[in-house]
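Open the model in your viewer and take this walk with me, one selection at a time. Each stop says what to pick and what you will find there.

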Amino acid sequence: MKKIILPGCILFLAMSGLALARVSGLFPTAIGPEPLTATYQQINAVFTGDWQQYGQLFTNLQQFLFPRLFLLVITIVPVIFFLHYIAIGPMVFDHGGKQVYCYNLFVRVVHWCAALSFSLLVLTGLLILFASLFAGGAIGIMARSVHLFSALTFTGSAFLLLLVWIKDMLPALYDIKWMIIMGGYLTKEKKPVPAGKFNAGQKMWFWLATLGGAVMAVTGYFLYSFSGNIDTLRLSAIIHSFLGAAMLAMFLIHVYMSMAAIKGALGSMISGYKAESELKILHPEFKY
Amino acid sequence: MAQRKIRSSLSVGTKTSRVTLNPKVARRSFLKLSAATAALTGAVMTTKMTAKAATPAAAKAAYPESKMVRSICTHCAVGCGIEAEVRNGVWIRQEVAQDHPVSRGGYCCKGASAIDMVTSEKRLKSPMKRVNGKWQKISWDTAMGEIAAKLTAIRDNDGPDALHLNGSAKVSTEMAYLQRKFAAFWGSNNVDHQARI
Amino acid sequence: MTNSLNDMRRAQSMIFIGSNAAEAHPVAMQHILHAKEVNNAPIIVVDPRFTKLAAKASEFVRIRPGTDCIFIMGLINEIIQKGWEDKEFIRTRVAGFPEMAEVAAKYSPEEVENVTGIPAAQTRKVAKILATNRPTSLTWCMGGTQHHIGSSITRAFCILQLVLGNMGKSGGGTNIFRGHDNVQGATDMCVLSHTLPGYYGLKDGSWKHWCRVWDVDYDYIVSRFKEKKWMNAKGFTLARWYEGVLGEEKIEQYTPIKAMIQWGCGSNSNSQYNRVVKAYNKLDLFVIVDPFPTMAAATCTSDNVYILPCSSQYETSGSVTSTSRQIQWRHKIVEPINDCRDDYTIMQDLVERLGFANEFYKNIKEIPEDITREINKGTLTIGYNGQTPERIKKHMENWHTFDIETLQAKGGPCDGDYYGMPWPCWTEEHPGTPILYDVSKPVAEGGLPFRNRFGLEKIYDQSGRTENLLAAEGVYNPGSEVKGGYPEFKDVVPGTNWKTDLSQKTLKEAIRRGMAPFGNARARCVVWTFPDQIPIHREPLHSPRPDLIAKYPTYEDQPNHFRVFTRYKSEQNPDLVKKFPFVLTTGRMVEHMGAGAETRSNKYLSELQPEMYAEVNPVTGHNLGVRDGDMIWIESPEGGKVKVKAFFTERVDEKTIFMPYHFGGTLMGESLAGNYPEGHAPYVVGDSANVCTNYGYDIVTQIQATKDGLCKISRA
Amino acid sequence: MGRMKFLCDIERCIDCSGCVVACKEGNHIPVGVNRRRVITIGQGKPGEKSISVSCMHCADAPCIAVCPVDCIYQRDDGIVLHDKEACIGCGYCFMACPFGAPQFPSGQVFGARGAMDKCTFCAGGPEETFSAKEVRLYGQNRIAEGKVPLCAGMCATKSLLAGDADEVADVYRERVFKRGSGANAWGWNKAYKKE
């Protein structure tokens with residue numbers, strides 16, 4: 001026991017001596033490092049952004065959610081349409097009768113510009129997201145360039161479409177009804193649905209493509225130019241991906257509707273004419 | 001929560017198959033750093049460092065036919081050592097001068113780019129002279145001939161003290177000595193260098 | 001420095017005055033931080049600016065520029081008042097202490113506070129730190145010297161170390177961190193206008209000594225001069241040579257300067273740079289020898305200028321002396337690139353064409369080794385004898401055998417030598433002197449007492465007291481024949497002394513007897529050859545405190561100060577501060593070096609520091625209506641002005657403006673990038689801070705006072 | 001089996017940028033790309049601290065997780081490398097990185113980002129060791145030579161440590177012990193946290 005006490009006492013004396021010396025200023029030094037936590041936080045804030053919040057979020061989403069989300073969209077949506085096509089089938093209208101001139105040449109050209117560039121955006125976007133399947137490198141870099149140019153084209157055309165169609169695309173009360181009956185697509189019955197020149201589905205697609213497109217353009221700009229701070233980039237990437245998935249889904253719906261669900265819809269955007277009989281059913285409120 | 005997710009996931013992310021993208025990588029990755037680590041440490045680790053430096057890790061060199069030349073950094077007066085790796089008369093890279101007793105391999109940014117003193121594209125390429133306000137390239141012979149002639153003329157007309165020589169603290173001690181000796185043989189005390197300021 | 005960088009690892013405390021080692025000598029920091037961490041040594045940084053070194057300090061003392069002397073004298077006073085001085089050291093090894101103490105007594109901490117702005121409590125605290133943590137290593141740089149009282153300030157530093165008894169001790173010493181890589185070697189070789197190599201001076205005896213070394217007739221050298229009196233007259237200095245060209249100040253020389261050779265010397269490190277530029281353009285012949293075009297090439301636009309591209313030091317060989325007095329060898333790494341030539345070749349060509357090559361190169365055949373041998377032969381004063389080229393190269397081969405703390409080789413081919421054989425290295429067997437004035441080691445093993453240089457006795461003007469200048473009984477190096485003070489050695493070879501005996505028998509005899517060739521004396525606190533025998537404070541020429549000028553006036557004007565009239569009293573004007581309210585100080589940054597010709601031509605370094613700036617306190621800036629990043633004009637009382645970017649930082653206080661002095665290539669806001677030879681303009685150009693640095697030169701050495709000028713600033 | 005780590009001793013870093021330039025000069029990095037940077041906090045005020053940062057070669061590297069082309073991989077010794085020829089320059093790694101390590105040289109057509117560039121721990125890349133291509137794309141392969149990365153080797157104050165985790169930890173522990181306080185190293189928690 002003594003063996004412990006004696007050195008213990010000495011140690012205690014030495015320690016208290018040291019402490020006294022420190023207090024009395026005999027060692028007028030403050031050398032022991034101060035807690036660095038605050039410094040570390042500052043360092044983080046200066047150059048890595050708030051990784052805990054956005055960095056982690058981005059990493060998790062990018063690693064798990066986004067590839068799966070997009071995979072889901074490009075698989076599930078076509079499957080649903082396929083089932084719909086089989087179960088309900090396309091709407092067929094007699095395209096004889098009176099023809100109504102709906103889309104002038106300018107609108108058609110702009111629409112097809114938008115359509116083409118958007119398709120490219122979808123393709124290249126998917127290519128970037130799933131680049132590992134294509135070995136990356138030159139293909140990926142090319143995809144990014146094409147994505148940029150398509151984005152520029154699309155931004156331009158979408159803006160023009162916005163100007164041309166904005167009046168027709170304003171929401172109306174009957175749109176709610178249209179939404180409730182899902183535009184009549186779940187039944188084979190040909191009954192007039194409540195819709196103006198554009199139905200609620202088209203309006204949704206339109207607003208997503210223009211307003212959403214604007215958001216995509218802004219976030220895309222950040223991602224491409226790497227301007228803004230790192231948290232802005234992370235948020236941009238997250239928004240770009242989520243919105244991208246939504247637009248992809250709408251895009252697929254639009255393609256299905258025009259190509260398959262309504263026979264002849266494609267033709268109307270090429271010629272500009274729609275049959276009156278079709279309009280009576282699908283766009284009864286359209287005052288042409 | 002998110003943190004956990006990342007960690008659990010990342011074991012998937014680091015696929016072992018990727019490590020062997022190139023069989024060489026896998027082999028190299030087993031090399032344990034030797035001289036390296038201890039070197040960074042300070043005096044306390046020197047014994048460890050020298051003991052480990054003998055491991056066969058450094059068996060292969062990037063430039064087997066090169067030779068090492070030792071010099072001293074030309075920036076400040078600390079006098080850090082420079083280990084220059086030279087191949088076929090070209091300074092290919094600057095090595096860490098780990099053994100130097102003062103710097104122990106350390107450099108500031110100036111010393112770390114010592115090689116740039118030789119490779120900088122801003123280095124002068126030939127003697128030059130201003131003619132009508134424009135720089136003109138001339139040969140060494142012309143330059144030295146003209147300078148010597150002008151100096152002699154000034155000496156004859158105005159005396160040796162009409163020349164001032166600003167020497168240098170950046171040349172070797174031998175050259176500094178020659179500069180002072182030159183002034184003495186020229187016949188003037190108008191000689192000085194940066195130590196004055 | 002008296003000790004070495006590695007020896008600072010043993011310091012128990014460190015004080016840095018006017019030194020920013022973290023930026024100017026980064027690699028030295030590994031030893032400094034080692035002492036801080038392992039010895040728990042406090043670091044005291046005294047600076048007008050919160051430097052990167054201050055960030056590592058345990059005590060930062062913000063001082064008004066130019067008042068270092070009074071702060072140090074105040075510390076000395078406080079130490080003496082509290083009885084903390086090393087009484088035994090002072091009794092045995094210091095001369096003139098009572099006289100000095102009397103002067104110091106005038107500087108109470110309160111007076112120090114009044115003049116320097118340092119709180120009296122902090123002065124007391126620093127004194128206590130120094131007293132309780134011995135030995136202290138004291139470091140200063142240009143912040144301590146570039147004042148018109150620079151010589152007094154440096155002496156005050158030395159006296160502080162003497163009073164604390166820190167001289168000649170491991171971990172102590174006055175450790176001046178020198179600037180350029182070989183400034184120590186070039187200074188030892190005295191590329192200086194007031195002395196011959198080895199600090200021999202300009203007296204006839206010195207000339208005769210060197211003529212014997214050069215193996216030429218003394219009369220031949222005399223014949224080279226205009227008249228013999230010019231041999232003994234100090235020449236123009238780098239600080240003011242241009243006055244010899246411009247003829248605006250009265251000069252004491254028979255002819256104005258008409259030709260100029262600038263050999264490896266960046267021009268924009270001169271204060272009042274706009275006047276230098278004027279001088280360049282007035283010269284009949286201007287030769288620039290440099291690997292990079294210096295700013296001189298861009299500012300001199302008349303047809304008198306030649307550029308000779310010399311190689312960098314990596315393309316030639318030779319020895320180089322570091323700040324720790326270590327002599328190291330630079331091996332040639334590659335042959336000179338392009339059409340460059342190394343310095344030796346250019347010098348040889350020039351000398352041959354000027355027609356004195358036979359005498360000049362009489363004993364020099366193998367370059368550069370034979371030059372080293374000639375230096376070994378002649379430079380006896382500071383013991384450059386033992387560092388033969390072979391020994392230096394051997395040290396380079398055996399870096400790994402030297403101990404990190406003592407720098408002594410343990411075994412191997414250099415066994416027992418100190419790294420680089422720090423001078424004095426008296427003989428080829430001597431290991432070098434790692435710590436100057438260390439009496440704990442035998443002289444043959446690197447010990448030394450203080451040098452006996454100024455006689456054996458002195459009657460002080462101040463007190464009328466007579467003091468024996470030799471060290472007291474009992475102070476001697478182990479093995480010394482004389483157990484106390486002794487005078488310097490002479491007449492071992494009749495008619496010579498230890499400094500002039502080329503046979504070096506005197507040196508060997510002294511070493512054999514265990515004694516220092518230069519005697520064993522006391523260190524002086526009173527220097528009776530200087531204008532201020534004991535360091536006293538004098539207000540900067542351009543003082544921001546006009547109220548103090550009467551109390552601490554400057555010197556009388558000097559008519560022949562290195563051949564040029566130099567103003568002191570007539571320059572000090574109390575009203576100046578009204579028009580120029582801010583103190584201007586300059587300094588280094590880590591990315592650039594000197595005048596920056598080399599580093600601004602380096603793409604990576606230019607990328608790191610791409611712009612000239614002035615550090616301005618945010619308060620000052622906002623009061624003047626300037627925003628961070630705005631361009632501002634800074635004007636000096638002499639009419640020099642620079643256009644630089646304002647960089648707001650609290651590094652400087654509200655009254656101080658700081659500028660780095662490495663930039664060049666722009667003059668008074670106008671870019672000269674087009675004046676460089678095409679394709680050779682540096683990556684970075686900026687206004688040179690030295691256009692703004694003020695008039696003012698040290699009374700003894702004529703060092704320019706760049707650290708304590710005045711300026712005014714306005715928005716550009 | 002060792003695991004390579006970096007550690008920057010914040011008490012010692014003096015912001016001399018030696019590591020930055022050593023890296024650039026040794027690996028011939030173009031101007032504008034900073035594999036390593038020094039960051040200073042609280043400049044000009046008491047408590048000013050500097051730290052040198054590059055890729056930390058995280059154990060669970062987020063960059064590997066997000067790379068859409070899977071061009072980033074981790075060697076058994078923990079060094080995170082990438083294949084520049086597979087990289088498409090999307091920049092996701094930059095966004096995922098907690099240390100801002102990935103760098104993107106500009107100067108490609110239309111100002112597009114080129115392939116990502118980051119610290120390789122001076123361990124080259126997937127190309128043949130010491131081949132000209134490896135040197136051109138990734139710089140030196142000093143690990144294969146048994147040498148430390150340039151930045152750490154050339155650190156002026158020995159603030160930056162690199163090498164085997166155990167030894168780095170030993171050195172740092174010893175320093176901290178001598179300083180009398182148990183400060184933890186910046187970035188280690190994030191980079192190397194154990195499961």
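## Where chains B and C meet

Start by colouring chains B and C separately: 99 residues of chain B and 129 residues of chain C take part in the contact between them. On the chain B side, select helix α9 (residues 173-186), which gives the largest share, 13 residues. Sorted by class, the residues of chain B that touch chain C are 49 nonpolar, 32 polar and 18 charged.

Keep in mind as you look around that this is a predicted model. The model scores ipTM 0.89 and pTM 0.88. Chain C has an average pLDDT of 93, and 100% of its residues score at least 70.

Now switch to a cartoon view and select strand β6 of chain B (residues 163-166) along with strand β6 of chain C (residues 259-263). The two strands run parallel and are joined by four bridges. Show the side chain of B:His164, and opposite B:His164 you will find C:Met260 in β6(C).

## Chain B by itself

Hide the other chains for a moment. Chain B holds nine helices and seven strands. Of the 197 residues in chain B, 57% are buried. Look also at how chain B's contacts span the sequence: among those between residues at least 6 apart, 32% join residues at least 24 apart.

## A helix in chain C with a buried face

Bring chain C back and select helix α19, residues 389-397. Which residues of α19 are buried? They are C:Pro389, C:Arg391, C:Ile392, C:His395 and C:Met396. Turn the view to look down the axis of α19(C): the buried residues lie within an arc of 170°, so they line one face of the helix.

What covers them? The cover includes β1 (67-72) of chain B, and from chain C β9 (318-321), β10 (327-330) and α18 (369-378).

## Two domains of chain C

Next, colour residues 6-164 of chain C as domain 1 and residues 568-715 as domain 2. Their C-alpha centres are 27 Å apart. Between them, 17 residues of domain 1 of chain C are in contact with 25 residues of domain 2 of chain C. To find the domain 1 side, select α1 (21-24), α8 (142-145) and α9 (150-164) of chain C, each of which supplies at least two residues. By class, that side has five nonpolar, nine polar and three charged residues.

## Zoom in on C:Phe658

Select C:Phe658, which sits in strand β20 (residues 656-660) of chain C. Is C:Phe658 buried or exposed? With 24 other C-beta atoms within 10 Å, C:Phe658 is buried, because 20 or more are enough to count as buried.

Leaving aside residues up to four places away in sequence, C:Phe658 touches C:Arg49, C:Thr585, C:Gly587, C:Ala614, C:Glu615, C:Arg651 and C:Val652. For a sense of scale, draw a distance from C:Phe658 to C:Trp241: the two are 417 residues apart in sequence and 26 Å apart in space, C-alpha to C-alpha.

## Last stop: chains C and D

Finally, show chain D. Here 23 residues of chain C are in contact with 22 residues of chain D. On the chain C side, select α2 (29-38) and α23 (603-608), which each supply at least two residues. The side of chain C that touches chain D has 13 nonpolar, two polar and eight charged residues.

Technical notes:
Residues numbered from 1 in each chain as written. Chains lettered and ligands numbered in written order. Predicted model: local features only at pLDDT ≥ 70, side-chain atom pairs only at ≥ 80, totals over all residues. Buried ≥ 20, exposed ≤ 12 C-beta atoms within 10 Å, placed from the backbone. Contact = placed C-beta atoms within 7 Å. Arc of directions from axis to C-beta. Nonpolar A, V, L, I, M, F, W, Y, C, P; charged D, E, K, R; others polar. Pairing = 2+ DSSP bridges. pLDDT = per-residue confidence, 0-100. Domains from an automatic or database assignment.
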